[in-house]
Amino acid sequence: GLDIMINFHYSDWWADPAKQNIPASWDGHDYETMKQDLRQHTLDVLNRFKEEGLTPRWVQVGNETSNGMLWSVETDPETGWEIKDENGRTTITHSMGHLERDPEQYAGFFRTGAEAVKEVFPEAKVIVHLDNGYDNDLYNRNLDVLKAGGCEWDIVGMSLYPYWAHMTDTTLTAQKVIDLCMENINLVSLKYNCDVMITETGFEVDEQYPELMEEGREQLAQIIRRCKDETHGRCLGVFYWEPLCRPSQYRLGAFTEDGHPTDIMRAFKL
């Protein structure tokens, strides 16, 4: 009886702002052919859901497409992770839909995916999903490209990770990140006349330091409360990713190593 959100990565393994590697079976295709690849894959997956009697309420057309989609970087052949230089930069090896290199093609890919979603499930809400929910400049750059390309969406999905933001820039405290995100939600929903969701968030788990989970609970509870109270009804909800992970698997899960919920999860009951 739970609502379902489908999140297309359009990659053989994983897609995020650092990489959107083109699937091997699509590599070498021209832009028009790759659009058809994307359309057919979207239709195939969603029709399979329909055959099983499952109707997704939301569909993300791409995962954290802050820098576009369908562009490949050098990766470690054993782990699949992107290879970074000493300055943390990756090397793009093939770009078909990079935000800066191919903005019109990025918009074309998103538009194709969104249209395929509506073809199978007309009532499903199409989400454009970007990271760094505190960065309004990022959202303006990306969404302006999509709008200029004739794209339509129902919801803007935001990833919000105070932990990773602080790791990138130590001046970004958790409170500052949350404050900026609330401001960004209001700016985005007003400018683009659409609803917003926090489709990913997470907080550090370390069982040796219970205070960390208490801080995570307080921050998550604040996010949920402020999304309800300070966004004029435009923020529709908050998703945690990925709560069932154990600390040894991923430090921003929300369960203990032996599989029990930490204090973080209590935020959803407040």
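**Before you start**

This is a predicted model.

**Stop 1: the aromatic pairs**

How many aromatic pairs does a search of the whole structure find? The search finds ten. Select Trp 14 and Trp 241 to see one of them. Their rings sit 5.8 Å apart, centre to centre. The angle between the planes is 70°, and the pair is edge-to-face.

Now colour by secondary structure. Trp 14 lies in the loop between β1 (5-7) and α1 (31-51). Trp 241 lies in the segment after β8 (235-238).

Next, select Trp 153 and Tyr 192. This aromatic pair is tilted, with 55° between the planes. The centres are 6.0 Å apart. Trp 153 is in the loop between α3 (136-148) and β6 (155-160). Tyr 192 belongs to helix α5 (residues 174-192). The pair links distant parts of the chain, 39 residues apart. Both Trp 153 and Tyr 192 are buried.

**Stop 2: the aromatic cluster**

**Stop 3: the salt bridges**

The structure holds 15 salt bridges. Select Arg 57 and Asp 3 for one of them. Their side chains meet at 2.7 Å, N to O. Where in the chain do the partners lie? Arg 57 is in the loop between α1 and β2 (58-60). Asp 3 is in the segment before β1. Arg 57 is partly exposed, with a relative accessible area of 45%. Asp 3 is partly exposed as well, at 48%.

Move to helix α1 and select Lys 35 and Glu 32. Their side chains meet in a salt bridge of 3.6 Å, N to O. The two residues are three apart, about one turn of the helix. Check each partner against the surface. Lys 35 is buried, with a relative accessible area of 13%. Glu 32 is partly exposed, at 47%.

Now select Asp 263 and Arg 266. Their side chains form a salt bridge of 2.9 Å, N to O. Arg 266 is partly exposed, with a relative accessible area of 41%.

**Stop 4: a salt-bridge network**

Select Asp 16, Lys 19, Glu 82 and Lys 84. These four are linked in a network of salt bridges.

**Stop 5: the negative patch**

Which residues form a negative surface patch? Select Glu 211, Glu 214, Glu 215 and Glu 218 to see the patch. Centre the view on Glu 211, which is in helix α6 (residues 210-229). Glu 211 is partly exposed, with a relative accessible area of 40%. At 40%, Glu 211 passes the area cut-off.

Note on methods. Residues numbered from 1 in each chain as written. Predicted model: local features only at pLDDT ≥ 70, side-chain atom pairs only at ≥ 80, totals over all residues. Heavy atoms only, no water. Patch = residues over 30% accessible without salt bridge, like charges linked within 9 Å, V, L, I, M, F, W, Y side chains within 5 Å. Areas by Shrake-Rupley, 256 points an atom, 1.4 Å probe, with all protein chains shown as cover. Lys, Arg positive; Asp, Glu negative; His and termini not counted. Charge placed at Lys NZ, Arg CZ, Asp CG, Glu CD. Helix = DSSP H or I, 4+ residues; strand = E, 2+ residues; numbered from the N terminus. Buried < 20%, exposed > 50% of the residue type's maximum accessible area, 1.4 Å probe, protein only. Phe/Tyr/Trp six-rings, centres within 6.5 Å; stacked < 30°, edge-to-face > 60°.
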